[in-house]
Structure formats: structure tokens, C-alpha cells
Amino acid sequence: MLVVSNTSPILNLAMIGYLDLLRQQFGDVIIPPAVFSELRPGEDLPGSLAIRQAIDSGWLRMMPVEKSSLYQSVSREIDHGEAEAIALAVQLHADLILLDERDGRRVAKRLSLQTTGVLGVLLKAFRLGTIADLAQVLTRLEQEAGFRIGEHLRRSTLVEAAQLIERGHESP
């Protein structure tokens, strides 16, 4: 599966110690140069060590993005990292793009890209049994990483997790 990521999913999972979920679920994850810069792997910040380890082990890797007319167009709507990630996903015919920001997801969907974000990754990990207490992980995500989860989204994510428990963690 070819997966491209924006900054938020990588950084937020790294900050709470769950970056390896990306490797477990997708194998390699590709990022454009702008995302690499935003991750600031050379600095001593929360999550930086895990990000450096992922880069050093080769499953998180940077790939150049063509500054196409598509990139120019979407960069007027969303930030530089998101624009590069979306342009790279289109360029590579990626199976999935990891995005959390609403505007970026809107643009990706308009371009017929499949998207998921931190919550989708965590929900899949819960379904696979990698995470036992999803509510606790969501709380850590909010408190330790500063990730904002609206009350409606948090509730619907936990309802979906409860439905998975009722079905015995089967794939939907």
C-alpha cells in the first residue's frame, strides 16, 4: 500500500508514543520535503526521537514533489505541507493520504484521494487489538500532543469503537 502523509498524523502519533502504528498498518510512509521540514527531526522536541528513528530505519522517507499546476492550485487553498502532500499523493497515485486538517481533507477528497487521519489510525489499531483503551489514548492525544478533538467527533469515534467491541473487533 502506497501511503503519503502530512505532518499532523506523524507528529501527533510520535508525541504520544504511537508512531510505530503507521509502520504496522501501512509499511512505508512517504512524505514530501515540506512535511520533513515541519517535522524538524533534527531538533530536540517531543516526538523527534521517534521520528528520527523512523527515518533512520527507512520506513518513513522523503520523496521530492513536482511543483505542478495542481500543486500551485491547491497551495492557494491550504498550507505548504498539505499542498505538497496532496500533490505527491496524486503524483505517486497513492492508495491513501494521511491528513487531519479539514481543509486538506476536503481538497484531497475533491481529487478523489482516499484519506484517513490520526483518529482513523487509532481506531484501526483498536480494531486490530494493538490499543486496548481508545478513550485513554484520545485523552493523551489531546493532553500531551495538544490535538483538538471536537466533542461530537470524540463521541462518534468512541461509539464506533464500542460497536467494534460488540462485534468482537471484526473488520467492518
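This is a predicted model: local features need pLDDT of at least 70, side-chain atom pairs count only at pLDDT 80 or more; totals for chains, interfaces and linings use all residues.
Local features require pLDDT of at least 70 and side-chain atom pairs pLDDT 80 or more, whereas totals for chains, interfaces and linings use all residues. Residues are numbered from 1 along each chain as its sequence is written, and side-chain values use heavy atoms, without hydrogens or water.

The axes of helix 8 (residues 118-128) and helix 10 (residues 151-166) come within 10 Å and cross at roughly 20 degrees. Axes are lines fitted to C-alpha atoms, for helices over the stretch in contact, with angles from 0 to 180 degrees between N-to-C directions. Helices are DSSP runs (H or I, at least four residues), as are strands (E, at least two), numbered from the N terminus. Helix 8 and helix 10 are therefore roughly parallel (angles under 35 degrees).

A search of the whole structure finds 9 salt bridges. A salt bridge is a side-chain nitrogen of Lys or Arg within 4 Å of a carboxyl oxygen of Asp or Glu. Asp-20 pairs with Arg-23, with the closest N and O atoms 2.6 Å apart. Both residues lie in helix 2 (residues 20-26), 3 residues apart.

Glu-84 and Lys-67 also form a salt bridge (2.7 Å, N to O). This pair links distant parts of the chain: Glu-84 is in helix 6 (residues 80-92), and Lys-67 is in the loop between strand 3 and helix 5 (69-74). Glu-84 is buried at 3% relative accessible area, whereas Lys-67 is partly exposed at 44%. Buried means under 20%, exposed over 50%, and partly exposed in between (1.4 Å probe, protein chains only). Glu-77, Asp-103, Arg-106 and Arg-110 are linked in a salt-bridge network.

Terms used: Angles under 35 degrees count as roughly parallel, over 145 as roughly antiparallel, 65 to 115 as roughly perpendicular and the rest as oblique.
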